[in-house]
Amino acid sequence: VQILSTLDHPNIIKLEEAYQDQFYLHIVTELCEGKDVLNQCHYKENLSENNVCLIIFKLVCAVKYLHNMNICHRDIKTDNIMFSSKNFTSEIKLLDFGLSKIFKSGEKMKEKVGTPFYVCPEIIIGEYDEKCDMWSIGVMTYLLISGILPYYTESQKFPAGDKSKKSNKDQKKELELELFQKILKEKPCYTDKVWTTCSKKAIDFVQKCLEKNPKNRISCTDAVKHPWFKQILTELKSQDYINQTILFNLVDFFVKDNDLERIVKRHLINLFNDAELQKLNKSFYAVNTNLNGVIELEELFAAFQFCRIGIEYKALEAAIIKAGGNICYSDFLASNVTLKKYNNKIFINELFKYFDSDANGYLDEKDLENYYLRKGKRINDINSLKMIIAEICKDMELPKKDKIYLDGFTKIFDDSTI
């Protein structure tokens with residue numbers, strides 16, 4: 001929960017809420033209605049190299065975001081990447097952070113973790129860094145292109161394995177040792193027919209990921225710029241994905257919207273349908289040109305210039321400062337929520353009940369604290385929440401200075417600046 005609550009990226013599963021009772025910790029994530037990558041790809045006939053390229057590009061961007069936050073996943077595999085819907089063109093989501101770890105730059109990790117088919121040589125040896133994730137991406141890319149794993153024993157050639165034969169612990173251990181010896185000593189095969197029809201750029205990418213020496217292995221920072229992804233990067237620069245409405249929505253979200261509007265909009269991003277999300281995600285990637293998962297001041301300014309929109313640098317600077325130094329993915333989505341669209345009495349009443357966690361008929365700092373706790377974020381300074389409530393009441397000219405009642409809550413759906 002600690003790691004998940006800090007993550008906010010188009011291609012990483014999002015923590016929605018967390019609850020703890022006497023016995024269990026309940027984690028609620030965004031819904032993924034699709035299958036894992038390998039199974040969903042099996043349902044698509046003639047999986048093309050371009051299809052694989054797009055999946056891997058998104059995965060590399062997600063891993064770059066993680067590594068920039070000093071988080072190593074350590075269990076990247078097809079089972080841990082799901083499609084958000086049954087549509088093959090929907091977003092992929094990296095999930096299962098049970099083995100992930102916060103690392104310090106320059107320090108080695110030593111725990112032997114991961115899934116045997118996907119572990120890099122240095123994990124087997126017992127000393128590794130975050131580049132272990134890039135090896136796993138190489139294994140996955142090899143598998144999606146060729147249909148087989150780069151390293152396997154004869155009974156393990158295909159990822160599904162032979163489930164009709166149940167190996168005992170000794171047999172499994174023996175197979176694992178055999179597999180690890182191959183990972184340590186052998187090179188992947190690129191002579192099969194499928195590789196003769198594959199582009200040299202794709203093969204080069206896989207080879208750079210499956211470099212046994214981690215010092216020579218490609219980093220995620222360099223990987224997103226690999227020539228294999230050139231066409232994707234070119235398409236993202238299209239003006240079709242960036243427009244005046246999106247950019248001004250983004251600025252107004254921080255400059256004009258009050259705290260209550262921002263909180264409600266952030267909550268309502270879950271109501272975007274798959275097509276809307278895909279379009280907004282392309283826009284996010286188009287603005288976030290350095291592909292680090294957050295929009296920085298220079299990128300925002302460049303996006304306005306790209307669209308030939310005149311705006312003062314200081315105006316954008318004010319928005320970025322209000323955003324906390326950069327703009328995260330969820331805030332980018334939230335800025336495109338139109339509150340007037342949800343101006344429905346029944347909907348607003350139900351939404352108010354959700355925020356009114358103690359059901360006392362009004363929102364105060366305690367309700368805000370509970371809201372953030374459900375999101376996995378603990379607020380240590382309750383006075384800061386009191387100030388937020390007071391500022392909202394003042395900004396909206398509400399009769400009470402420390403409470404927001406339903407009629408005041410309803411106002412944001414009438415008077416929204418967006």
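This briefing covers cysteines, aromatic ring pairs and charges over rings. The model is predicted: local features need pLDDT of at least 70, side-chain atom pairs count only at pLDDT 80 or more, and totals for chains, interfaces and linings use all residues. Residues are numbered from 1 along each chain as its sequence is written, and side-chain values use heavy atoms, with hydrogens and water left out.

**Cysteines**
- The count of disulfides (a pair of cysteine sulfur atoms within 2.5 Å) is zero.
- For Cys 189, the closest cysteine sulfur is that of Cys 198, 13 Å away and too far for a bond.
- Cys 189 has a relative accessible area of 30% and is partly exposed, a class between buried (under 20%) and exposed (over 50%), with a 1.4 Å probe and protein chains only.
- The sulfur of Cys 209 has its closest cysteine sulfur in Cys 220, at 10 Å, too far for a bond.
- Cys 209 is buried, at 0% relative accessibility.

**Aromatic pairs**
- There are 26 aromatic pairs in the structure, counted where ring centres of Phe, Tyr and Trp (its six-membered ring) lie within 6.5 Å; planes under 30 degrees apart are stacked, over 60 edge-to-face and the rest tilted.
- Phe 57 and Tyr 285 form a tilted pair, with 6.2 Å between centres and 50° between planes.
- This pair links distant parts of the chain, 228 residues apart: Phe 57 lies in helix H2 (residues 49-68) and Tyr 285 in helix H12 (residues 274-287); helices are DSSP runs (H or I, at least four residues), numbered from the N terminus.
- Phe 57 and Tyr 285 are both buried.
- Ring pairs join a cluster that includes Phe 57, Trp 228, Tyr 285 and Phe 332.

**Charges over rings**
- The charged end of Lys 182 sits over the ring of Tyr 152, 5.8 Å from the ring centre; the criterion is NZ of Lys or CZ of Arg within 6 Å of the ring centre and within 35 degrees of the ring normal.
- Lys 403 has its charged end over the ring of Tyr 362, 5.2 Å from the centre.

Definitions and conventions. Helix = DSSP H or I, 4+ residues; strand = E, 2+ residues; numbered from the N terminus.
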